[in-house]
Amino acid sequence: MKVEQIYEIMNSVTKEMLGDSIVVAEDLSNIVELGKQFEDVVGLDNYVRKLPDHVGRVIFVDRKYEGRAPQILMDGWEYGSICEKIATRIPEAVENEDWELTDGASYDPNIFHAPDVIGEFWNKRTTFEIDMSITRKQVKSSFDNVTQLNSFLSMILNAIETSLTVKLDALIMRTINNMIGETFYDEMPAGTYTGAGGAKAINLLYAYNQKYSASLTAASAVTTPEFIRFAAYTMKNYIDRVKVLSTLFNIGGEARFTPASKLHVAMLSEFKNAADVFLQSDTFHNEYVALPNADSIPFWQGSGTDYGFSSTSEIKIKTASGHDVDAPGVLAVMFDRDALGVSNLDREVRTHYNEKADFWNYFYKEFAGYFNDTNENFVVFYVA
């Protein structure tokens, strides 16, 4: 339906009727409509070829998008802005003087031993909004009934929710990617990743080729059953290792442990699916070679134009600490639940009705903090 703005004409006509203006020439082509025959672009019947085809079914594209990023949402709060985390280091052992008594010696019980406490603070948030204008009266002519109209409006609102989900997914992945980048830089500040890596960044390809005198490449490794078995074996070892109190698996070098209930694993889907297809499909005891349960990630940062392994597995960022990291072949990460997250996520919708133009404006606002704690366990597995 074509809609013309005729306010200028109506102002002129009103002046004419009230005697405030002389009679002027009027263009009524924008007011009065003459009947026209339907053209083939609309679609005519195949009998008399005069009757327009009618809409038989209306399909609204309103499929709900669930998102793909790991769920790392944490709690929120109403007042205050700073998130504080307090921890204490393990105290050192000292001499037990019960068994070192000396005649005439004095043993002072009044020495004060202060705990070694660490306090960390986060006070940064990000925000954005999505705006949408919605009308009802102006689109009624496009639908047969109120059900179709409501479906149309629901489709628009679903598109907004989809947009919010996509953007939250992107921010969650950037939270993980930054921790990957910080870990790479801490282990290999020179930016050379082809070596063994370190305790927090394990080059599975280098370890495999060294152990078995092989010459696999990064691209071929993810579809090689022997390598996948080695990778599963190594990752399972690390699941056990991070359960034990250690300073090796976090950037801050703090004594930390991660029980199975607090461990989160995310894995590149190409690698995870390859294990199912190339390894477990011909294995009788899958539980012995299966990779750890993990969120499946199609790509860490982006798919590129062809979903190639070099694109999906790459991290190319400037970290929050200001370091440039371009790391290839990231297969998986495992991290403590408290190592990173999205805190104080706050979504709200504000509305405003415009009386003059008869439409509603909806303002979808998103507010949250995305944090990394480098004193908590975080391990990267990669091939380079």
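**Helix α2**

I checked the span of α2 first. The helix has 42 residues and covers 61 Å from first C-alpha to last, close to the 62 Å expected at 1.5 Å a residue. I note that this is a predicted model. Next I looked at the start of α2. There, a side-chain oxygen of Asn145 comes to within 3.2 Å of the backbone nitrogen of Thr147.

**Two asparagines in α2**

I picked Asn177, which lies in helix α2. Is Asn177 buried or exposed? Its relative accessibility is 1%, so I log Asn177 as buried; the cut-off for that is under 20%.

Which residues does Asn177 contact, leaving aside neighbours within four places in sequence? I found Trp300, Gln301, Ile315 and Ile317. I then took the C-alpha separation for one of these pairs. Asn177 and Gln301 are 124 residues apart along the chain, and their C-alpha atoms are 7.4 Å apart.

I moved on to Asn178, also found in helix α2. Asn178 has a relative accessible area of 14%, so I count Asn178 as buried. I listed its contacts with residues up to four places away in sequence left out. Asn178 touches Ile317, Thr319, Ala320 and Asn372. Ile317 is therefore on my list for Asn177 and on my list for Asn178, given the contact limit of 4.5 Å.

**The sheet**

I traced the strands next. Five of them form an open sheet, ordered β4-β12-β9-β5-β6, with mixed pairing. Which strands stand at the edges? They are β4 (201-203) and β6 (295-297); each has a single partner strand, so one side of each has no neighbour in the sheet. I read the twist as averaging 20° from one strand to the next.

β5, residues 263-268, pairs with β6 in the parallel sense over three bridges. I followed Ala266 to its bridge partner in β6, and that partner is Asp295.

**Helices across the sheet**

Back to α2, residues 146-187. Which strands does helix α2 lie across? I logged β4, β6, β9 (330-336) and β12 (378-382). Helix α2 runs at about 85° to β12.

I then checked α5, residues 225-241. Helix α5 lies across β4, β5, β9 and β12. Its angle to β9 is about 15°.

Note on methods: Residues numbered from 1 in each chain as written. Predicted model: local features only at pLDDT ≥ 70, side-chain atom pairs only at ≥ 80, totals over all residues. Heavy atoms only, no water. Pairing = 2+ DSSP bridges. Helix = DSSP H or I, 4+ residues; strand = E, 2+ residues; numbered from the N terminus. Axes fitted to C-alpha atoms, helices over the stretch in contact; angles between N-to-C directions. Buried < 20%, exposed > 50% of the residue type's maximum accessible area, 1.4 Å probe, protein only. Expected span 1.5 Å × (residues − 1). Polar contact = N/O pair within 3.5 Å; in protein donor to acceptor, adjacent residues only side chain to side chain.
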